[in-house]
Protein chains: 2
Amino acid sequence: MDDPLRRYPGYSLRRAANATAAELAARLSDIGLKQVDASLLLLIGANPDVTASALGRELDIQRANMVPLLKRLEDAGLIDRNPLDGKSQGLVLTRDGEARREQALAIIERFEAEMLARVPAEHRHHLLPALDALWRNP
Amino acid sequence: MDDPLRRYPGYSLRRAANATAAELAARLSDIGLKQVDASLLLLIGANPDVTASALGRELDIQRANMVPLLKRLEDAGLIDRNPLDGKSQGLVLTRDGEARREQALAIIERFEAEMLARVPAEHRHHLLPALDALWRNP
DNA sequence: TAACTATTGTTGTTGATCATAGCAATCCTT
DNA sequence: AAGGATTGCTATGATCAACAACAATAGTTA
């Protein structure tokens with residue numbers, strides 16, 4: 001079937017993102033996490049006492065939508081909340097959260113390596129800078 | 001804020017895809033189309049009498065989910081259905097559908113060009129082949 | 001030809017995701 | 001002390017894709 005879309009990098013970009021996201025999601029589900037969960041664990045681990053708002057800004061997730069995400073992580077015993085002042089709360093990983101973060105990290109590192117390995121060597125090191133140019137400077 | 005995710009091509013891939021998808025969606029909304037609509041118009045235009053099932057396979061959309069998509073295009077007077085045999089129906093663009101397809105094509109071509117222009121020249125021609133390697137051969 | 005298997009188009013339901021608006025409490029700055 | 005901004009949250013609606021199920025038909029094989 002003739003597919004006029006295949007010429008377009010933008011189309012391939014979306015398809016590639018979907019395909020890789022699906023694969024990573026499948027692997028992360030082995031440890032009971034979604035991609036957002038893993039992102040949050042990594043970010044909280046690297047930035048103890050971050051606020052929900054700051055996380056939302058970094059990941060482009062609206063404040064309101066952070067609530068159920070963090071609630072699930074809290075209910076799962078992976079994160080704790082420290083009141084920073086009267087209204088802000090700092091988020092930290094629990095012991096379990098840290099363990100899970102390390103599992104997620106291992107899965108992600110491995111996944112990224114395998115993903116990159118699929119890209120022909122001549123193109124490989126161009127991928128990250130090219131992608132970054134597409135969204136870092138809006 | 002320290003963001004451990006920025007090292008990962010897979011993460012940049014998803015962010016770049018989201019950012020570009022949002023921008024293209026905004027432009028296509030000027031002519032009352034979503035991305036899927038535009039994809040369908042382009043595909044039907046290039047493959048007259050294609051079936052809904054074939055479109056779904058090409059775009060990785062389940063048969064069942066094609067129904068409301070095609071119904072909207074039909075209700076908008078952009079496509080017609082030709083009974084091919086007792087159960088299959090061939091899809092074609094109407095006059096209006098062809099006009100809309102050309103508008104969509106112009107928007108997409110322009111968008112793709114601008115998108116590519118944002119990528120530094122050294123990386124530019126590596127983008128499409130690198131992305132294709134990520135999803136063409138699963 | 002008869003029987004089976006696969007394909008097509010469809011319905012209906014579900015869950016996940018995201019945008020939006022609004023609210024109370026608290027903070028920061030002037 | 002006051003006004004505006006920020007934080008966390010509730011609630012709601014729209015959209016989207018996955019899934020199961022089904023009837024009708026086509027294609028293939030016994």
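In this predicted model, a phosphate oxygen of DNA strand C lies 2.8 Å from an N or O atom in the side chain of B:Ser53. A base oxygen of DNA strand C is 3.2 Å from an N or O atom in the side chain of A:Lys87. Polar contacts are pairs of N or O atoms within 3.5 Å; within protein, one atom must be able to donate a hydrogen and the other to accept it, and residues adjacent in sequence count only if both atoms are side-chain atoms. Two or more residues each come to the surface near DNA strand C from α4 (63-75) of chain A and from α3 (52-59) and α4 (63-75) of chain B. Helices (H or I, at least four residues) and strands (E, at least two) are DSSP runs, numbered from the N terminus.

In total, 18 residues surround DNA strand C. The closest are A:Gln62, A:Gly86, B:Ser53, B:Arg63 and B:Lys87. A residue is near the strand if one of its heavy atoms lies within 4 Å of it. Of the DNA strand C atoms within 4 Å of the protein, 62% belong to sugar or phosphate, and the rest to bases. The surface near DNA strand C has four nonpolar, seven polar and seven charged residues. Here Ala, Val, Leu, Ile, Met, Phe, Trp, Tyr, Cys and Pro count as nonpolar, Asp, Glu, Lys and Arg as charged, and the others, Gly among them, as polar.

B:Arg81 has B:Leu91 as its bridge partner in β2(B). Five bridges join β1 (residues 79-83) of chain B to β2(B), and the two run antiparallel. Strands pair if DSSP finds at least two bridges between them. β1(B) and β2(B) form a hairpin, with five residues between them.

A:Arg15 is found in helix α1 (residues 9-28) of chain A. A:Arg15 is buried, with a relative accessible area of 11%. A polar atom of its side chain lies 3.3 Å from the backbone oxygen of B:Glu58. Leaving aside neighbours within four places in sequence, A:Arg15 is in contact (heavy atoms within 4.5 Å) with B:Glu58, B:Leu59, B:Asp60 and B:Trp135.

Residues are numbered from 1 along each chain as its sequence is written, and chains are lettered from A and ligands numbered from 1 in the order written. Local features need pLDDT of at least 70, side-chain atom pairs count only at pLDDT 80 or more, and totals for chains, interfaces and linings use all residues; side-chain values use heavy atoms, without hydrogens and water.

How values were computed: Buried means under 20% relative accessible area, exposed over 50%, partly exposed in between (1.4 Å probe, protein chains only).
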